[in-house]
Amino acid sequence: MTTQWKLLTRCPASPSPWGWTEMRVYETPEGPMVCMTTVTPKQDTCDPQTYIHISREQLKKLLETCRDSRS
């Protein structure tokens with residue numbers, strides 16, 4: 001995690017066998033990126049294996065989806 005990353009949004013994760021509870025969407029110097037995390041009192045960081053770079057198009061869809069899932 002670097003300070004140049006900007007958290008754009010966090011969404012409830014879709015149910016998965018790995019038990020992720022949240023998906024986070026970041027703007028990074030390399031472009032948009034998502035990652036999965038299980039938020040617990042001890043841990044509030046993304047699982048290193050779940051960082052995925054996404055396209056601007058995917059980013060737009062994700063931001064819309066996240067907004068919908070929160071309302």
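1. Let me begin with tryptophan 5. Its relative accessibility is 17%, so tryptophan 5 counts as buried; the cut-offs are under 20% relative accessible area for buried, over 50% for exposed, and partly exposed in between, with a 1.4 Å probe and protein chains only. Please bear in mind that this is a predicted model, where local features need pLDDT of at least 70 and side-chain atom pairs count only at pLDDT 80 or more, while totals for chains, interfaces and linings use all residues. Residues are numbered from 1 along each chain as its sequence is written, and side-chain values use heavy atoms, with hydrogens and water left out.

2. Which rings does tryptophan 5 pair with? The structure holds two aromatic pairs, and a pair here means that ring centres of Phe, Tyr or Trp (its six-membered ring) lie within 6.5 Å; planes under 30 degrees apart are stacked, over 60 edge-to-face, and the rest tilted. Tryptophan 5 and tyrosine 26 make a tilted pair, 5.4 Å centre to centre with 55 degrees between the planes. Because tryptophan 5 lies in the segment before S1 and tyrosine 26 in strand S2, this pair ties together parts that are 21 residues apart in sequence. Both of these residues, tryptophan 5 and tyrosine 26, are buried. With tyrosine 51, tryptophan 5 forms an edge-to-face pair at 5.7 Å centre to centre and 75 degrees between the planes. Tyrosine 51 sits in the loop between S3 and strand S4 (52–53), so that pair ties together parts 46 residues apart in sequence. Tyrosine 51 is partly exposed, with a relative accessible area of 26%. Together, the ring pairs link Trp5, Tyr26 and Tyr51 into a cluster.

3. Now for the sheet. Four strands form an open sheet in the order S1-S2-S3-S4, with antiparallel pairing. Strands (E, at least two residues) and helices (H or I, at least four) are DSSP runs numbered from the N terminus, and two strands pair if DSSP finds at least two bridges between them. S1 and S4 are the edge strands, each pairing on one side only. Six bridges join strand S1 (residues 6–12) to S2, seven join S2 to strand S3 (residues 31–37), and two join S3 to S4. A hairpin takes the chain from S2 to S3 through two residues.

4. Some partners are handy for finding your way around the sheet. Lysine 6 has glutamate 27 in S2 as its bridge partner. Methionine 23 stands opposite methionine 36 in S3, and methionine 33 opposite histidine 53 in S4. Strand S2 (residues 22–28) is mostly covered, with six of its seven residues buried.

5. How many salt bridges does the structure hold? There are three, counting a side-chain nitrogen of Lys or Arg within 4 Å of a carboxyl oxygen of Asp or Glu. Arginine 10 bridges to glutamate 22, with the closest N and O atoms 3.2 Å apart. That pair links distant parts of the chain, arginine 10 being in strand S1 and glutamate 22 in strand S2, twelve residues apart. Arginine 10 is partly exposed at 34% relative accessibility, whereas glutamate 22 is buried at 15%. Glutamate 22 also meets arginine 24 in a salt bridge (2.6 Å, N to O).

6. Arginine 56 and glutamate 27 form a salt bridge as well (3.0 Å, N to O). This pair connects helix H1 (residues 56–70), which holds arginine 56, to strand S2, which holds glutamate 27, 29 residues apart. Through shared partners, salt bridges join Arg10, Glu22 and Arg24 into one network.

7. Finally, the interior. A nonpolar core is a set of buried Ala, Val, Leu, Ile, Met, Phe, Trp, Tyr and Cys residues joined through side-chain atoms within 4.5 Å. The largest has eleven residues, including Trp20, Met23, Val34, Met36 and Leu62. S2, S3 and H1 each supply at least two residues of this core, and H1 gives the largest share, three residues. Another core, of five residues, lies apart from it, with Trp5, Tyr26, Cys35 and Cys46 among them.
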